[in-house]
Every structure is written in structure tokens, then in C-alpha cells.
Amino acid sequence: MDVQAVKLAPFIRASSMYYKTKLCVHNFTVFNQTTADVCCYLWDEINGGLEASIFATMMVDYLDNVIQSKPTVSNISIYSDGCGYQNRNTTVSNAILKFAIDQQVTITQNYLEKGHTQMEVDSVHHTIEMKLKKREIYLPTDYINVCKDARIKNPYRVKYLNFSCFSDYSLLKYYASIRPGYKKGYPTVTDIRCLKYNPDATIQYKINYDE
């Protein structure tokens with residue numbers, strides 16, 4: 001999973017329009033390595049920002065879709081970069097832990113090493129960018145068809161979100177912090193390489209993949 005570079009609406013050839021009416025549009029994309037399913041979560045800056053709860057909402061929604069489509073699943077692995085506000089923070093961890101408890105599944109969240117974050121979802125963003133070269137965007141919702149048309153076989157699924165879709169996961173307090181250490185010189189959140197969320201409401205961590 002990853003976020004595409006910020007898109008703008010309108011996205012047209014007239015440069016003066018860019019400065020007068022630009023509106024940021026975000027695309028959080030999930031690529032299922034088992035089924036090749038792709039889901040693009042789109043929203044504009046009027047309906048939501050880039051807070052941890054925004055990303056937690058979309059992660060939980062996709063995880064719920066996985067469980068709904070295959071109830072026998074007991075272990076799920078997630079791969080992402082180590083962006084703090086997006087993937088590696090207490091709010092997201094508490095949200096995923098709650099899901100693991102409610103659904104009685106084990107979820108492992110892996111953070112790719114800096115400089116080695118290339119993954120399948122990046123090919124999705126590249127495909128969308130190529131499709132955009134032939135399009136002009138006037139409204140944020142115009143990106144819906146761009147994403148759907150980007151892959152002919154097994155088209156990308158698109159969910160356009162508004163402010164009512166997002167939940168405030170900052171209110172969850174299973175863990176006050178996900179920092180492994182508590183003193184100066186101890187490991188910090190940025191040292192975490194893997195988190196494992198267990199149905200018994202515990203989180204295990206690795207600061208090295210070989211551990």
C-alpha cells in the first residue's frame with residue numbers, strides 16, 4: 001500500500017487556471033499480492049487531510065473487505081514504506097490492533113527499508129500517470145474514471161471518500177506509544193521494521209528483520 005503523488009484539480013493545459021483554482025486530490029492505493037486486486041481510495045482536501053486517522057480508516061476498510069471475501073483468513077501481511085504520519089504511528093497501530101481483536105486474526109505490518117521501497121503498488125501509480133497524459137481533469141471526481149480506465153483487464157476498484165467516511169481512531173488507547181524503548185539511546189519508532197498485531201490485544205515488534 002502507498003499514496004500516489006498529489007494530484008491537482010483542475011489538471012489542464014491552461015497554466016493560469018492552475019494558480020487560481022488548484023485543489024489537491026489524494027490516492028491511497030492497495031495492491032493485493034494474492035489476487036492482484038487493486039483498490040484506489042480517492043479523496044480531496046475539502047473532505048480530508050493527511051492525518052493518521054485518515055489512513056487508518058482506509059486500511060481497516062480494506063482489511064474488512066479481505067475478511068468479508070474470505071472469512072477463513074487468519075493471517076494477513078501488510079507491506080508499506082515507513083512514513084510516520086501515514087503508516088508508522090500509534091493511531092494506525094491501535095486501529096489495526098482493534099481490527100485484529102474484533103476479527104480474531106493476526107496481522108503483520110512490514111516496513112520496507114529506506115531506499116528499497118519499490119513495490120507492486122508503484123506500478124499502479126505509474127499506469128494511472130500514463131493514462132493521465134491523455135486526459136484533462138476539471139473536477140476531483142474526474143480521477144475516478146481515470147483510475148478505472150487505467151487497467152483494462154481486471155480494472156482497478158475505486159472508492160471516492162468524503163468527510164463522513166473517516167473515523168477518528170486517535171480516541172483508541174490500547175497503546176499510548178509504539179516506541180520500543182523508553183530511555184535515551186533506546187530504539188525509537190523509526191527503528192521498527194515489523195509489527196505483529198495479535199487477537200489477544202498485544203503487539204510484538206522487530207527492529208531487525210532477522211530477529
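Two strands pair if DSSP finds at least two bridges between them; strands (E, at least two residues) and helices (H or I, at least four) are DSSP runs, numbered from the N terminus. The model is predicted, so local features need pLDDT of at least 70 and side-chain atom pairs count only at pLDDT 80 or more, while totals for chains, interfaces and linings use all residues. Residues are numbered from 1 along each chain as its sequence is written, and side-chain values use heavy atoms, without hydrogens and water.

Start with the open sheet of four strands, whose order is β5-β6-β8-β9, with mixed pairing. β5 and β9 stand at the edges with a single partner strand each, so one side of each has no neighbour in the sheet. The partner pair β5 and β6 (residues 106-111) runs in the parallel sense over six bridges. Ser80 stands opposite Tyr111 in β6.

β5 (75-80) also supplies at least two residues of the lining of the largest pocket, as do β3 (23-31), α2 (52-69) and α4 (120-132). The largest share, six residues, comes from α2. By class, the lining has 14 nonpolar residues (Ala, Val, Leu, Ile, Met, Phe, Trp, Tyr, Cys and Pro), four charged ones (Asp, Glu, Lys and Arg) and eight polar ones (the others, Gly among them).

The last stop is Asn208, in the segment after β9 (203-206). Asn208 and Asp191 are 17 residues apart in sequence and 8.3 Å apart in space, C-alpha to C-alpha.
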